[in-house]
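Here are my notes on the model, point by point. Please read them with the coordinates open.

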Amino acid sequence: MPDSPPLLCVFAGLPGVGKTTLARQLAGRIGACYLRIDTIEQALRDLTGLSVQGEGYALAQRVAADNLAAGVDVVADCCNPWPLTRRHWRKVSLDTAARHLDIEIVCSDPDEHRRRVETRIGDISGLILPDWQAVQARDYQAWDGGRIVIDTAHRTVAECLDELLGHLRDA
């Protein structure tokens, strides 16, 4: 039986909804390469002094393509807020003949979401986390295609990961 093509799981969602927690858990569970845009963008700022715009996404997509071409599954942890960024991730999958899953993480309870944003502690040196006002003002555009949606409100990480793994088995 031939091996299945590698898998690119692209996470999306506003800051504070639980993307990083779930993306890390998923990458560990399936043995995938984990790419976090926040880490890449902060490294670019630190190393080059750039005012980072799309460079972090472009760099992550190149690293993802290298891994997928080598047969390694990839989990990309990013806001992925626009149809343009989503198309670029899909192109990576097409160019490498990889399977592709878009995974949007949401927190449907605004009070819980706000609490998470206001109480989270950063784990990337130098990265300034957005406050609640900045999260609400974020330009996060509606989806024009299918995706898996995981609502993290009032649920444990384990419950959300189990739901996500169920979707992966069905995909």
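1. C79 is in no disulfide either, and its nearest cysteine sulfur, that of C78, is 7.6 Å away. C79 counts as buried at 14% relative accessibility.

2. Basis. This is a predicted model, so local features need pLDDT of at least 70 and side-chain atom pairs count only at pLDDT 80 or more, while totals for chains, interfaces and linings use all residues. Residues are numbered from 1 along each chain as its sequence is written, and side-chain values use heavy atoms, leaving out hydrogens and water.

3. Sheet order. Five strands form an open sheet with parallel pairing, in the order β2-β3-β1-β4-β5. The edges are β2 (33-36) and β5 (148-151); each has a single partner strand, so one side of each is left without a neighbour in the sheet. Neighbouring strands are turned by 20 degrees against each other on average, direction ignored. On terms: helices (H or I, at least four residues) and strands (E, at least two) are DSSP runs, numbered from the N terminus. Two strands pair if DSSP finds at least two bridges between them. Strands of a sheet pair through backbone hydrogen bonds, either parallel or antiparallel.

4. Strand β1. Which residues of β1 point one way, and which the other? L7, C9 and F11 point one way, L8, V10 and A12 the other, and all are buried. Six of the six residues of β1 are buried, so the strand is largely enclosed by the rest of the structure. β1 runs parallel to β4, joined by six bridges. Within that pairing, L7 stands opposite R99, and A12 has E104 as its bridge partner. Towards β3, β1 has four bridges, again parallel. There F11 stands opposite D77.

5. β4 (residues 99-106) pairs with β5 in the parallel sense over four bridges. V106 of that pairing stands opposite D151 in β5.

6. Helices on the sheet. Helix α4 (residues 83-96) packs on the sheet and touches β1 (7-12), β3 (74-77) and β4. Its direction makes about 155 degrees with that of β4. Helix α7 (residues 157-170) lies across β1, β4 and β5, at about 165 degrees to β5. Contact means heavy atoms within 4.5 Å. Axes are lines fitted to C-alpha atoms, for helices over the stretch in contact, and angles run from 0 to 180 degrees between N-to-C directions.

7. Largest pocket. How much space lies in the largest pocket? About 1200 Å³. Its lining has 46 residues, of which P15, K19, D38, C79 and R138 lie nearest the centre. The elements giving two or more residues to the lining are α1 (19-30), α2 (37-48), α3 (55-69), α4 and α7. On a 1 Å grid over the protein atoms alone, a pocket is an open set of points where a 1.4 Å probe fits, with protein on both sides within 12 Å along at least five of seven lines; lining residues have an atom within 4 Å of a point. Grid points are joined across faces, edges and corners, and the volume is the space filled by probe spheres set on the points.

8. H113. This residue lies in helix α5 (residues 110-119). H113 counts as buried, at 6% relative accessibility. Not counting residues up to four places away in sequence, H113 touches L14, P15, G16, V17, C107, W132 and V135. The C-alpha atoms of H113 and T152 are separated by 9.3 Å, with the two residues 39 apart along the chain.

9. Backbone check. Where are the positive phi values to look at? One of them is A97, in the loop between α4 and β4. A97 has a phi of about 55 degrees although it is not a glycine. A97 counts as exposed, at 55% relative accessibility. H154 is in the loop between β5 and α7. Phi of H154 is near 60 degrees, a positive value in a residue other than glycine. H154 counts as exposed, at 61% relative accessibility.

Methods. Disulfide = S-S within 2.5 Å. Buried < 20%, exposed > 50% of the residue type's maximum accessible area, 1.4 Å probe, protein only.
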